Amino acid sequence: MSANTHLLKGATLPDGTVADILLEAGRIVSTEPRTAAPAGAVVVDAAGLVALPGLVDLHTHLREPGFEQSETVLTGTRAAAAGGFTAVFAMANTLPVADTAGVVEQVQALGRDAGYATVRPIGAVTVGLAGERLSEIGAMAHSRAAVRVFSDDGKCVHDSLLMRRALEYVKTFDGVIAQHAQDPRLTENAQMNEGALSSELGLKGWPAVAEESIIARDVLLAEHVGARLHICHLSTAGSVDVVRWAKARGIAVTAEATPHHLLLTEELVRSYDARYKVNPPLRRDEDVLALREGVADGTIDIIATDHAPHPRESKECEWDAASFGMVGLESALPVVQTALVDTGLVGWADVARLLSQKPAEIGRLNDHSHAFEPGSPANVVLVDPASSSVFGLDRLHGRSGNTPYEGVTLSGSVRWTFHEGFATLRDGELAPVGEAAVR
Ligand SMILES: NC(=O)N[C@@H](CC(=O)O)C(=O)O
Ligand SMILES: [Zn+2]
Ligand SMILES: [Zn+2]
């Protein structure tokens, strides 16, 4: 067991204090300023590194089963570990869709076998994501996977009555519906943000109201039912306003923003490079600023990657034919540091909340797994905030290379990741597959 005893010497905690963090037998044993290294412990020089609770991604596409050419549970959780994540919630738009207890249990088991991160499957709201009838929500909730988050992500639950029924159902076991807010009629064949630039580029526009109108409807439905609602990937200033209004009214809504919507704008689409094609689309400068403000004032609860791997042939083609989506696990923390920490909008304690504690709470990981205190499971990440580097494809560990950050200078790098005391990332190197699987 001693190989799994680590002393992280001189790490800076989120609140700025410096501590030695002792990880033993899968737990955080102490965070005292001076801790002697037990015999056989691996001592990690963490001077200058920030220690955070392991990151939790509420919105990851792992693509297995069905789209293994894009990603698998193994490759996606390796990417997660490289990005500092110790738990990921796997979206349901696989093939078959994760709309039965059998599929969610399979995905969870694949995660356990791989050994790089905790995998919590998300269940589909409707059968086959078809938006017509509810999936077996109760069976998934009461399966071994104990699903608490349900989403048709990739598609919007557009039917108001189905949305109401889904909210009523998940309320019975403290679950949450994570809505992909996109009015289908307002976005038929839409390709990029609707505005002057979409006219100029000759691409079909995707209006902000297509997102905002669904969010407005759903917060009212959530209020009516008294259930929890989560909004995926907010992308417009108006969406932030609607969520802010709903929270002021006491509605149980939470919201996420992706790193890319906090950094990138529609101007990138001028290149017609489909790496910048994503759902919802990149928006205007003022939207990015409103999202950052929403994160800073607590309107936006969490940052989630929406890691969406796609094979080369789906991206290296004409804009209209290309798939929507960007990979995001390895770049998430550097983008957050660049967009939010370096700009003074949030501190490291906020990062811990936005990328770990709050997503764990919304998803009901429910086991103090990311409490980050003595006695809790050793889910820890060490970040070097002083580094700054040009992001390259060599930083990616999944099966797909569709990052928008190649060649972009980003701050910060993840050095070490510990999942339940096991070092999945060691000074920038991933643990070997065999070692992770047998621990
Ligand atoms: N975000 C994307 O552009 N794509 C996601 C679907 C989604 O998150 O809506 C995908 O599954 O590829
Ligand atoms: Zn989505
Ligand atoms: Zn998604």
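Which residues does the UniProt annotation "domain: Dihydroorotase catalytic" cover? According to that unreviewed entry, the annotation covers residues 50-236. In the predicted model described here, the chain over residues 50-236 is 35% helix and 18% strand. The end C-alpha atoms of this stretch are 31 Å apart.

## Overall build

The protein has 439 residues, of which 58% count as buried. Its secondary structure comes to 13 helices and 19 strands. The radius of gyration is 21 Å, close to the 22 Å that the globule rule gives for 439 residues, so the protein is as compact as a globular protein of that length. Along the principal axes, the C-alpha atoms fill a box of roughly 65 × 45 × 45 Å. Among contacts with a separation of 6 or more, 75% are between residues 24 or more positions apart.

## Two domains

The protein is divided into two domains. Domain 1 is made of residues 2-51 + 377-389 + 409-438, and domain 2 of residues 53-362. Their C-alpha centres lie 29 Å apart. The contact between them takes 21 residues from domain 1 and 24 residues from domain 2.

On the side of domain 1 that touches domain 2, the elements giving two or more residues are strand E16 (380-390), strand E17 (409-419), strand E18 (422-426) and helix H13 (433-438). E17 gives the most to this side, with eight residues. By class, this side of domain 1 has 13 nonpolar, seven polar and one charged residues.

The loop between E17 and E18 holds Glu 420. Phi of Glu 420 is near 50°, a positive value in a residue other than glycine. Is Glu 420 buried or exposed? Glu 420 has 20 other C-beta atoms within 10 Å, and therefore counts as buried.

The residues around ligand 1 are His 61, Asn 93, Asp 153, Gly 154, His 180, Val 278, Asn 279, Asp 306, Ala 308, Phe 324 and Gly 325. By class, this shell has three nonpolar, six polar and two charged residues.

One of the residues around ligand 1, Asn 279, also takes part in a cis peptide bond, which runs from Asn 279 to Pro 280 with omega near -10°. Pro 280 is found in the loop between helix H8 (259-263) and helix H9 (285-296).

Helix H1 spans residues 73-82, and ten of its ten residues are buried, so the helix is largely enclosed by the rest of the structure. Among these buried residues are Val 73, Leu 74, Thr 75 and Arg 78. The end of the list is a run of alanines, given as Ala 79, Ala 80, Ala 81 and Ala 82. Just after H1, Gly 84 takes a positive phi of about 95°.

Pro 96 has its place in the loop between strand E7 (85-90) and helix H2 (101-114), and Leu 95 lies in the loop between E7 and H2 as well. A cis peptide bond joins Leu 95 and Pro 96, with omega about 0°. Leu 95 has 13 other C-beta atoms within 10 Å and is therefore partly exposed.

Which residues does Leu 95 touch, not counting residues up to four places away in sequence? They are Pro 65, Gly 66 and Phe 67. Leu 95 and Phe 67 are 28 residues apart along the chain, and their C-alpha atoms are separated by 7.0 Å.

## Backbone details

Asn 189 is not a glycine, yet has a positive phi of about 60°. Its place is in the loop between strand E10 (176-179) and strand E11 (192-193). With 8 C-beta neighbours inside 10 Å, Asn 189 counts as exposed.

| Residue | Phi |
|---|---|
| Gly 84 | about 95° |
| Asn 189 | about 60° |
| Glu 420 | near 50° |

Methods: Residues numbered from 1 in each chain as written. Chains lettered and ligands numbered in written order. Predicted model: local features only at pLDDT ≥ 70, side-chain atom pairs only at ≥ 80, totals over all residues. Domains from an automatic or database assignment. Contact = placed C-beta atoms within 7 Å. Helix = DSSP H or I, 4+ residues; strand = E, 2+ residues; numbered from the N terminus. Nonpolar A, V, L, I, M, F, W, Y, C, P; charged D, E, K, R; others polar. Rg over C-alpha atoms; globule rule 2.2 N^0.38 Å. Buried ≥ 20, exposed ≤ 12 C-beta atoms within 10 Å, placed from the backbone. Near = placed C-beta within 6 Å. UniProt positions renumbered as here; feature names shortened; annotations may be inferred.
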